Amino acid sequence: MNIPFVDLQTQYQSLKPELDAAVLAVMQRGDFVLGGAVAEFERVFADYCGAKYAVGVDSGYSALELIVRAYGIGPGDEVITAANTFIATTLAISNTGATPVLVDIDPETYNIDPAKIAAAITPRTKAIMPVHLYGQPVDMDPILAIARKHGLRVFEDAAQGAGARYKGRMVGSLGDAAGFSFYPGKNLGAYGDGGAVVTNDAAIAEKVRLLRNIGQKVKYYHEVKGFNHRLDTMQAAVLLVKLPHLDGWNAERRRAAAAYADLLAGLPLVTPTTAGYAEHIFHLYVVRVHNREALMEHLKERGIASGLHYPIPIHLQPAYSELGYKQGDFPITEAYAETILSLPIFPELDDDKVAYVAGAIHDYFAAQPEAKRLAQAVAAD
Ligand SMILES: *Cc1c(COP(=O)(O)O)cnc(C)c1O
């Protein structure tokens, strides 16, 4: 068997007639830039998130950066976020001239640890940007309480969280504004880059609309110095076809995750937990294991792809040497970066395929002597 890390083909085949028709219709209408499908998608996506406004943009990165800019945050300001995230989170902060301030993660959820945020607040702090990493919602209530106390904004990085819920509420509706990514491999993926800003704040939605479209509402009348970060109409047409299937796909991801948890129980590796407040959508299925490179290699020999999210924490990336962090600053993030391993997960990963991956992992450990297995179990905890 061959198991890719994500499978975009099977999903395309399952919706081919509708997807092909939707894209062809854009070509026939010719409304390529900010066409009807963009406005329509913005309407249904805002609705889906339980928020008033969605503004389509050209990537998840752009969504986050335009949020930071729309709130007037820039040079001299600080925004707090997690040390374990994809670099687009911090680039969205630093490319405005603001400074990302990092906080270590919670060992259970792998998300920013709300208890460590207060110590990172300075007079320059303007916002907190929690990341719903791997599809598990961040524990938002303590973060919203800290933000209220210190007069800070809360921006959700919901790039990996489309459709997840926190205490029954949709991710993307929990803070001041949220950024979503429709990168093809995300849970709601377009056929190219795409993203959205979601907010209940009319003025911020309006500001993001201006910023994404060269600062104009009326053609050639430029109110501010904007950018070109518009969501492509063909991508919006694809997303309109896919959005009604998102909850079903997320349920299939949960099914696959539950099957993994079942089949991997008792092995010397740590499987992910779902917090009591969370409806996890398993964008990624991340385990922790001692000597993960050897397991990766073994899986590769069995035709199974795997990944690392992420191998190098933000504060140890050469790109961020200017922040002045050093090894040891975020011990949990650093320890996890050495042991995390992302197994394949996608809605079409059926129980046979999960069993094949789990079987390969069982074989890997079975081939090792008992003493080593015990040492691994300790190291994994
Ligand atoms: C994918 C991702 C982004 C950026 O999304 P793009 O659409 O690739 O620009 C931001 N944050 C996180 C956590 C992501 O996973």
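Where does Lys-167 lie? Keep that in mind as you look at the model, which is a predicted one. Lys-167 lies in the loop between E6 and E7. Its backbone deserves a look too. Lys-167 is not a glycine, and yet its phi is positive, at about 45 degrees.

Now to the strands on either side of that loop. Strand E6 covers residues 165-166. Strand E7 covers 169-170. The two run antiparallel, and 2 bridges join them. Find Tyr-166, then look across to E7: Arg-169 stands opposite.

A quick reminder on sheets. Strands of a sheet pair through backbone hydrogen bonds, and the pairing is either parallel or antiparallel.

So what is the order of the strands in this open sheet? There are 3 strands, in the order E7-E6-E12, and the pairing is antiparallel. Strand E12 spans 278-279. E7 and E12 stand at the edges. Each of these two has a single partner strand, so one side of each has no neighbour in the sheet.

Where does it sit? The ligand sits in the largest pocket. Two helices each give two or more residues to the shell around the ligand: helix H3, residues 60-70, and helix H4, residues 87-94.

How many residues are around the ligand? There are 16. Those that come nearest are Gly-60, Asp-157, Gln-160, Ser-181 and Lys-186. By type, the shell divides into 7 nonpolar, 7 polar and 2 charged residues.

Let's go through some contacts. Start with Gly-60. One of its polar backbone atoms is 2.7 Å from an oxygen atom of the ligand. Move on to Tyr-61. Here a backbone N or O atom lies 2.8 Å from a ligand oxygen. Then Asp-157. This time the side chain is involved: one of its N or O atoms is 2.7 Å from a nitrogen atom of the ligand.

How much of the ligand's accessible area does the protein cover? On its own, the ligand has 380 Å² of accessible area, and the protein covers 92% of that.

One last stop, away from the ligand story. Which two residues does a cis peptide bond join? They are His-309 and Tyr-310, and omega is about 15 degrees. To find Tyr-310, go to the loop between helix H9, residues 292-301, and helix H10, residues 331-339.

Look at Lys-167 in its loop between E6 and E7. Look at the ligand in the largest pocket. Finish with the cis bond between His-309 and Tyr-310.

Note on methods:
Residues numbered from 1 in each chain as written. Predicted model: local features only at pLDDT ≥ 70, side-chain atom pairs only at ≥ 80, totals over all residues. Heavy atoms only, no water. Near = heavy atom within 4 Å. Polar contact = N/O pair within 3.5 Å; in protein donor to acceptor, adjacent residues only side chain to side chain. Areas by Shrake-Rupley, 256 points an atom, 1.4 Å probe, with all protein chains shown as cover. 1 Å grid on protein atoms, 1.4 Å probe; cavity = no way out; pocket = protein on both sides within 12 Å on 5 of 7 lines; lining within 4 Å. Sits in = over half its atoms within 2 Å of the grid points. Helix = DSSP H or I, 4+ residues; strand = E, 2+ residues; numbered from the N terminus. Nonpolar A, V, L, I, M, F, W, Y, C, P; charged D, E, K, R; others polar. Pairing = 2+ DSSP bridges.
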